[in-house]
Amino acid sequence: MEFSEHIKTANVEDVVLQQPLQPPCKGTLCITGHHLLFSDREEGSRRQVLLLLRNVDAVEKRATESSGTIFIKCKDLRVLQLDIPGMEQCLNIAQSIETLSCLNCAAEMYPFFYRPPNASLQDQWGLSTPERHYNEMEGLHEKWRLSTVNQDYSVCPSYPPAVIVPKTIGDDALKKVAKFRQGGRFPILCYYHRKNGKVILRSGQPSTGANWKRCIEDELLLHTVIEGSDKGFIIDTRSAQQAQQARMTGGGFESKSCYNNWKRLHRHMERGKTLQESLIKLVEACGDKSPNMDRWLSKLENSKWLSHVQTALSTAGLLAECVERDGHSVLVHGSEGTDSTLLISTLAQLIMDPSCRTLEGFLTLLEREFVQAGHPFQQRCSHSAFSHARLQQECPVFLLLLDCVWQLWRQFPLALGFSEALLLRLATEAYASDYGTFLCNSDMERCALQVKDKTHCLFRTLLKPSEREQYSNPLYKHNQLAIWPSVHPQSLQLWRGYFLRWTQQTRHLELVQEEIRNMVSEWGKLELS
């Protein structure tokens, strides 16, 4: 179906736009297949607003016989108001925005049409590959190998074609382990500690079921990982009760009798609907214009968002502590292994490894641990906090990760080589983007749609000289040590730069930060000269 079939009224004159931090203005509104374009027609003004329709989370309208008002609530938490002359035009525009913003066919999304200047589809796509990641870690080559058992995605649809596994475990055994783990996500290496040789593995839950089904190959794989050491740890991101309940539906956990050298630790992390509703309540609290501070703080607390941040950071800290301080290998999984598992493995690497804290290192980490590892971005980010649609598979796991990284960035202002502006950009791009990086739900889906051949890569763009300065931290100093976050309630703050980004107070804060950035940059130039 052509986009034009969804556009009943393509443009309207004399529309009044009201948006955060800007005075109201009158101009022309145009609707295209992927964008809403507003052009200010007032004399002497050239202001334009270009909104990607994928960024629209909800549309609300009020109409009278002679005019109408549309409220556009965006996934980046902006709220735009359009006052449109003519009831019919108002209803047509609202319907077009609603329809075009909800098209879920990835091949019809804007990244397949976006052609930025000074960029070519022949440019290198992405920052790393499993092969390059393996080759960079020479210390593990003695005991670990790169397997292409999943080269056609038949063993695990959500894994990349190549994965790092124990050298003594053959591909036939891996296929049997995959059948025993949810979603085919057999245990694979995601981090190798260069100093002590310990590793982090991640997987899906084992399918032990109510009858305690076993898989000898799975037991052998995990035994091989800790051969020569006293024990390893399994961090299960579900409560012990949830893990027991999972057995009744075919899931489960590793029993002590079969995995006797592995100690299981349960750390309950909310996911799915609970986490999405927490975000909705938080955004509602942030939009409350009541001057009553007690009421606002009560709403903030009731959202439980900061408690989710606290749990994620403390669980990641536990994982890092097991590997860095205690010298044990760790397997991480919850149920599917595509959400909270990736969240804490990413945070733990950021805590332990200084190479993950540079601008390029952090983007490479996200590419490896979220994009290539099979986080279902299209499902999780199809709606944000305003949508009236019934919740399905939406869940702000990636946003929670970025919030946790911001907490680290605030607690260790010199240790991270990137700026808050990068985190804000990534939070926006995950929900609506010109680039193909966050499209689809897995590497297999991106391969089927030829995303790497037909779209541009966000991470590559962010590392271009023209962008790098904006997203780099001018205060950054390389720190070889681990950075251990404080998770005490008084140490964690609301991420104002994101959740209050469209308020005047936060805008003032951004201007001050920009001024500090410019001063530091000038000092650096003077020192070099």
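At what angle do the axes of helix H8 and helix H12 cross, and within what distance do they come? This is a predicted model, in which local features need pLDDT of at least 70, side-chain atom pairs count only at pLDDT 80 or more, and totals for chains, interfaces and linings use all residues. Residues are numbered from 1 along each chain as its sequence is written, and side-chain values use heavy atoms, with hydrogens and water left out.

Select H8 (residues 305–325) and H12 (residues 397–411): their axes come within 10 Å and cross at roughly 75°, and the two helices are therefore roughly perpendicular (65 to 115 degrees) to each other. Axes here are lines fitted to C-alpha atoms, for helices over the stretch in contact. Contact means heavy atoms within 4.5 Å, and among the residues of H8 that meet H12 are Trp305 and Leu313, while Leu399 and Asp403 are among those on the H12 side.

Next, select helix H3 (residues 171–180), where Leu174, Val177, Ala178 and Phe180 are buried, that is, under 20% relative accessible area with a 1.4 Å probe, protein chains only, whereas exposed means over 50%. Seen down the axis of H3, these buried residues fall within an arc of 155°, so they line one face of the helix. The face turned away from that buried side carries the exposed Asp172 and Lys179. Show also strand E8 (144–147), strand E9 (163–166) and helix H4 (216–225), against which the buried residues of H3 pack.

Finally, select Phe38 in strand E3 (residues 35–40), which counts as buried at 1% relative accessibility. Not counting residues up to four places away in sequence, Phe38 touches several residues, including Val15, Leu29 and Val49.

Terms used: Helix = DSSP H or I, 4+ residues; strand = E, 2+ residues; numbered from the N terminus. Arc of directions from axis to C-beta. Axes fitted to C-alpha atoms, helices over the stretch in contact; angles between N-to-C directions. Parallel < 35°, antiparallel > 145°, perpendicular 65-115°, else oblique.
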